[in-house]
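Hi everyone, thanks for coming. I'd like to walk you through one model today, so let me put it up on the screen.

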Amino acid sequence: SMLGEIEADYRRVHERHAALMRWLADSGAPIPQALQLAAVYTLNDDLQQAIAEPEPDLDGIRALLAEARNEKIPVEADRLRYAVESDLAESAKRFQQTPQDPERLAELTRQVELARSLPFDVDLWRVQNVFYDRLQTEHPELRRRADGGDAAAQARLQELADLGEMLRIRVPPVG
């Protein structure tokens with residue numbers, strides 16, 4: 001498609017001139033508008049795709065964000081926030097449906113870690129509500145088993161505590 005060709009052109013321009021853009025940004029010189037446009041398009045597109053991955057590569061996303069900072073490229077926060085919040089809602093729903101599946105908790109934790117690492121605010125209220133409800137249901141029994149020396153319960157409590165910390169919800173510790 002024509003749009004696809006234009007996108008590919010933007011990408012080629014950005015890749016060819018990325019070093020020049022960094023040099024201009026470092027020296028405080030203005031960046032030509034054509035290069036700026038290509039970079040805004042390419043970097044934000046890369047970020048959106050990286051965020052949409054089922055298992056987002058946090059280091060890769062941090063590298064893209066660092067590149068945006070270094071080249072003084074504005075991050076399209078609204079577009080990216082929408083992508084992150086949609087993914088979070090899906091993960092929260094899957095966790096709610098099968099909370100005992102360890103992969104669901106791991107997935108939700110990765111998504112929240114991603115959300116917390118971004119240079120803009122992401123609304124976590126839905127995840128916080130789902131997590132809090134789950135904690136009320138699961139915690140008393142988990143705590144009893146963990147205090148009794150059950151290693152699996154102790155591990156699960158630690159995973160819940162790690163996610164709780166990212167969500168600013170305290171999970172009472174074992175013992």
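Let me start with the largest pocket, where helix 7 gives the most to the lining, with five residues. Before I go further, please keep in mind that this is a predicted model.

As for volume, the largest pocket holds about 170 Å³ of space.

Now, how do helix 6 and helix 7 sit against each other? Their axes come within 10 Å, and the crossing angle is roughly 150°. Since angles over 145 degrees count as roughly antiparallel, that makes helix 6 roughly antiparallel to helix 7. The crossing of this pair is left-handed.

Here is who touches whom. From helix 6 we have Val127, Gln128, Phe131, Leu135, Glu138, His139, Leu142, Arg143, Arg145 and Ala146, and they meet Ala153, Gln154, Arg156, Leu157, Leu160, Leu163, Gly164 and Leu167 of helix 7. That contact has ten nonpolar, four polar and four charged residues.

Helix 7 has another partner to show you. Helix 5 covers residues 102–117 and helix 7 covers residues 151–167, and their axes come within 10 Å, crossing at roughly 25°. This makes helix 5 roughly parallel to helix 7. Left-handed or right-handed? The crossing of helix 5 and helix 7 is left-handed.

On the helix 5 side, the contact uses Leu105, Leu108, Thr109, Val112, Glu113 and Arg116, while helix 7 brings Arg156, Glu159, Leu160, Leu163, Glu165, Met166 and Leu167. By class, we get seven nonpolar, one polar and five charged residues in the contact of helix 5 with helix 7.

Helix 2, residues 33–52, and helix 3, residues 58–70, have axes that come within 10 Å and cross at roughly 160°. These two helices are therefore roughly antiparallel to each other, and their crossing is left-handed. Leu43, Asp46, Leu47, Ala50 and Ile51 of helix 2 meet Ile61, Leu64, Leu65, Glu67 and Ala68 of helix 3. This contact divides into eight nonpolar, no polar and two charged residues.

That's my tour. Happy to take questions!

Key. Residues are numbered from 1 along each chain as its sequence is written. This is a predicted model: local features need pLDDT of at least 70, side-chain atom pairs count only at pLDDT 80 or more; totals for chains, interfaces and linings use all residues. Side-chain values use heavy atoms; hydrogens and water are left out. Axes are lines fitted to C-alpha atoms, for helices over the stretch in contact, and angles run from 0 to 180 degrees between N-to-C directions. Helices (H or I, at least four residues) and strands (E, at least two) are DSSP runs, numbered from the N terminus. Angles under 35 degrees count as roughly parallel, over 145 as roughly antiparallel, 65 to 115 as roughly perpendicular and the rest as oblique. A crossing is left-handed if the near helix is turned anticlockwise from the far one by less than a right angle, and right-handed if clockwise. Contact means heavy atoms within 4.5 Å. Ala, Val, Leu, Ile, Met, Phe, Trp, Tyr, Cys and Pro count as nonpolar, Asp, Glu, Lys and Arg as charged, and the others, Gly among them, as polar. On a 1 Å grid over the protein atoms alone, a cavity is a set of points where a 1.4 Å probe fits but cannot get out, and a pocket is an open set with protein on both sides within 12 Å along at least five of seven lines; lining residues have an atom within 4 Å of a point. Grid points are joined across faces, edges and corners, and a volume is the space filled by probe spheres set on the points.
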